[in-house]
Amino acid sequence: MTSTTSRHFRISAPASTANIGPGFDVLGASLSLYLTLDVHVGGDSNSQDFEMTYSGEGAKDVPLTPEHNLITKAALYVLSANGIQQLPRPLKIHVDNPIPLGRGLGSSGAAVVAGILLGDALGQLKLSRSRLLDYCLMIERHPDNVAAALVGGFVASYLRELSPEDMEGIPESESLLELGWNKNIKCIAIVPQFKVATAEARSVLPSSYQRQDVIFNFQRLAVLTTALGQNPPDSDLIYNAMQDKVHQPYRKTLIPGLPEVLSSITPEKYDGLLGICLSGAGPTILALATKNFDAIANAAQAVFKEHGIQDSFYKVLDVVEDGSTCVDL
Ligand SMILES: Nc1ncnc2c1ncn2[C@@H]1O[C@H](COP(=O)(O)OP(=O)(O)O)[C@@H](O)[C@H]1O
Ligand SMILES: N[C@@H](CCOP(=O)(O)O)C(=O)O
């Protein structure tokens with residue numbers, strides 16, 4: 001498809017931290033770390049050029065062909081579902097990605113959301129936000145990261161029960177609720193220098209659970225969704241509400257030192273700490289705090305070192321309300 005009209009636009013999609021303890025596949029919060037696409041399309045009707053360049057995380061790792069790159073695959077998915085079988089030419093995309101891949105900060109969620117917005121923009125489809133989310137879910141399959149990355153803020157979501165007939169098309173598959181987040185609560189992401197693929201971290205989870213473990217998470221999830229919006233935040237309430245029995249206990253085999261990090265770093269020992277958990281499927285540790293960020297991060301890094309993980313870094317991030325955007329330049 002040759003595009004004669006020339007357009008220059010920028011897509012931005014935030015990182016996200018999912019689960020936040022007991023909210024496995026439910027809770028997600030968008031973080032102040034943005035994947036951006038700088039897109040030039042059309043202009044020279046004689047050119048069939050396609051160029052994709054990268055800077056930042058994954059620049060040397062990710063495939064750059066449209067059929068293999070997660071961003072352009074998502075864009076092609078939206079376009080083909082709407083009767084457009086290829087990307088318009090000429091097309092230049094520069095991707096700048098500060099989100100570490102395979103670390104539990106929603107890099108794939110941000111890439112899927114950015115790709116869906118890219119397809120929507122290139123096809124001039126003007127899809128609604130809920131429709132964009134449906135497309136994201138058909139790719140990512142769990143709602144927490146993509147919901148937070150698309151709409152922004154602190155988000156709870158559920159998947160609708162879908163019949164086989166529903167699945168023949170692109171079903172309306174998710175509902176979400178934007179929750180309150182106390183702006184004084186910062187997200188310390190302690191990032192070990194090894195990857196855990198989300199698919200692998202999901203494969204180690206049991207297919208069924210004891211009733212008491214499910215109730216354990218239900219109780220804490222209900223409390224946590226409100227507690228994180230309260231001001232001042234209650235560290236005892238939040239710390240205990242961020243406990244989990246559904247995913248973290250099973251993922252400790254993939255992340256050396258995880259139990260020790262989660263049990264040894266407490267509000268009693270570290271002033272300002274509210275709670276600590278695995279960010280998404282890990283290996284990043286998420287610590288929620290109002291101050292004392294460096295001491296908290298250094299404590300987690302020290303535990304990782306005791307377990308042979310010498311290299312890690314940390315970032316102090318905000319939960320951001322603006323979600324993903326597509327802006328003409
Ligand atoms: N900006 C990107 N561009 C292309 N592919 C990406 C990008 N970000 C993530 N991916 C793909 O997603 C994979 C990481 O996804 P996943 O295992 O879910 O980890 P994460 O916790 O970072 O979401 C990468 O290995 C890569 O295949
Ligand atoms: N609920 C998912 C969240 C995965 O988040 P990611 O940032 O690691 O992709 C899970 O825990 O599997």
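**Two ligands and their surroundings**

Ligand 2 sits in the largest pocket. The model is a predicted one.

User: How many residues surround ligand 2, and which are the closest?

Analyst: A residue counts here if one of its heavy atoms lies within 4 Å of the ligand. The shell around ligand 2 divides into four nonpolar, seven polar and four charged residues. Altogether 15 residues surround ligand 2, and the closest are Asn19, Asp25, Asp144, Arg202 and Arg251.

User: Which helices and strands each supply at least two residues of the shell around ligand 2?

Analyst: The shell draws at least three residues from each of domain 1 (7–179 + 319–328) and domain 2 (186–317). The elements that each give at least two residues are β1 (7–19), β2 (23–41), α4 (143–151) and α5 (198–203).

User: How much of the area that ligand 2 exposes when taken alone does the protein bury?

Analyst: Begin with the contacts. A nitrogen atom of ligand 2 is 2.7 Å from an N or O atom in the side chain of Asp144, and an oxygen atom of the ligand is 2.8 Å from an N or O atom in the side chain of Arg202. The backbone takes part too, with an N or O atom of Gly106 at 2.9 Å from an oxygen atom of ligand 2. Taken alone, ligand 2 exposes 350 Å², and the share of this that the protein buries is 99%.

User: Where does ligand 1 sit?

Analyst: Around ligand 1 there are 19 residues, and the closest are Tyr54, Gly102, Ser107, Ser108 and Thr198. They divide into 10 nonpolar, eight polar and one charged. As for its place, ligand 1 sits in the largest pocket.

User: Which element gives the most to the shell around ligand 1?

Analyst: Two helices, α1 (70–81) and α2 (107–122), each supply at least two residues of this shell. With three residues, the element that gives the most is α2.

User: How much of the area that ligand 1 exposes when taken alone does the protein bury?

Analyst: Again, contacts come before areas. Oxygen atoms of ligand 1 lie 2.8 Å from a polar side-chain atom of Thr198 and 2.9 Å from an N or O atom in the side chain of Ser108. From the backbone, an N or O atom of Gly104 lies 3.0 Å from an oxygen atom of the ligand. Ligand 1 taken alone exposes 560 Å², and the protein buries 79%.

Key. Residues are numbered from 1 along each chain as its sequence is written. Chains are lettered from A and ligands numbered from 1 in the order in which they are written. This is a predicted model: local features need pLDDT of at least 70, side-chain atom pairs count only at pLDDT 80 or more; totals for chains, interfaces and linings use all residues. Side-chain values use heavy atoms; hydrogens and water are left out. A polar contact is a pair of N or O atoms within 3.5 Å; within protein, one must be able to donate a hydrogen and the other to accept it, and residues adjacent in sequence count only if both atoms are side-chain atoms. Accessible areas come from the Shrake-Rupley method with a 1.4 Å probe; for residues, only the protein chains shown count as cover. On a 1 Å grid over the protein atoms alone, a cavity is a set of points where a 1.4 Å probe fits but cannot get out, and a pocket is an open set with protein on both sides within 12 Å along at least five of seven lines; lining residues have an atom within 4 Å of a point. A molecule sits in a cavity or pocket if more than half of its atoms lie within 2 Å of its grid points. Helices (H or I, at least four residues) and strands (E, at least two) are DSSP runs, numbered from the N terminus. Ala, Val, Leu, Ile, Met, Phe, Trp, Tyr, Cys and Pro count as nonpolar, Asp, Glu, Lys and Arg as charged, and the others, Gly among them, as polar. Domain bounds come from an automatic or database domain assignment.
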